[in-house]
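Q: I am new to this structure. Please pick a single part, look at it closely, and then set it in its surroundings.

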Amino acid sequence: MGEFVDFDQAWAEQAANAPTFKAFGRTFTLPISPPLKLTLLAMRAAQRADAEAEVDETTVLDSAAALVGRDTVKELLDAGISMDQLGDVVRFAMESYSKRSAGRADTGPPTAGTEQPEPSSPTGDTSNPTSSGSTDWIS
């Protein structure tokens, strides 16, 4: 068999160093990297953008939730966070992700768990590829 990387182990190690912040007496942990959903939301917004387009409340909340986590946004809203304060949290998250991304560029892909496990089937066959229907929920 060829090269093997245990992404589960590598991502768990990265999660141990996830960015955190304190607001309203609670400590919050950010995802280890910006979720793909944030990129998809930005791409969708860019496709429909025009000079007079307004950003609605749903877009702001969905973007913040994609960036810092839906539960975190809900707790911050319940605590009474202001728009300026949410902006502070978003800026912190973006700066944290930028720093982490710059650090990862120097180190390459994860290397944790480089010992290959036994194949999941007795013949060593790979699983079947997924169909495009398995991603229909992304719209």
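A: First, one term: a residue is buried at under 20% relative accessible area, exposed at over 50%, and partly exposed in between, with a 1.4 Å probe and protein chains only. The model is predicted, so local features need pLDDT of at least 70 and side-chain atom pairs count only at pLDDT 80 or more, while totals for chains, interfaces and linings use all residues. Residues are numbered from 1 along each chain as its sequence is written, and side-chain values use heavy atoms, with hydrogens and water left out.

The part to look at is helix 3, residues 57–68. Helices (H or I, at least four residues) and strands (E, at least two) are DSSP runs, numbered from the N terminus. Which residues of helix 3 are buried? They are Ala 64, Ala 65, Ala 66, Leu 67 and Val 68.

Next, the length of the helix. The expected span is 1.5 Å times one less than the number of residues. Helix 3 has 12 residues, so it should span 16 Å. Its end C-alpha atoms are 16 Å apart, which agrees. After helix 3 comes Gly 69, with a positive phi near 105°.

Now go on to helix 4, residues 70–79, which holds Val 73. Val 73 counts as buried because its relative accessibility is 6%. What does Val 73 contact beyond its neighbours within four places in sequence? Contact means heavy atoms within 4.5 Å. The partners of Val 73 are Leu 61, Ala 64, Ala 65 and Val 68. Of these, Ala 64, Ala 65 and Val 68 are among the buried residues of helix 3. Leu 61 and Val 73 lie 12 residues apart in sequence, with 7.6 Å between their C-alpha atoms.

Thr 72 is also in helix 4. Thr 72 is buried, as its relative accessible area is 10%. Leaving out residues up to four places away, Thr 72 touches Phe 21 and Phe 28.

That leads to the rings. Rings of Phe, Tyr and Trp (its six-membered ring) pair if their centres lie within 6.5 Å; planes under 30 degrees apart are stacked, over 60 edge-to-face, and the rest tilted. There are 3 aromatic pairs in the structure. In one of them, Phe 21 and Phe 92 have ring centres 6.1 Å apart and planes at 65°, so this pair is edge-to-face. The pair joins distant parts of the chain: Phe 21 sits in strand 1, Phe 92 in helix 5 (residues 83–107), 71 residues apart. Phe 21 is buried at 11% relative accessible area, while Phe 92 is partly exposed at 30%. Ring pairs gather Phe 21, Phe 28 and Phe 92 into a cluster.

Now step back to the protein chain. It has 5 helices and 2 strands, in the order α-β-β-α-α-α-α. Of its 139 residues, 21% are buried. Among contacts with a separation of 6 or more, 68% join residues 24 or more positions apart.

Last, confidence. pLDDT is the predictor's confidence in each residue, from 0 to 100. The chain mean is 76, and 68% of residues reach 70 or more. Where pLDDT is low, the predicted coordinates should not be read in detail.
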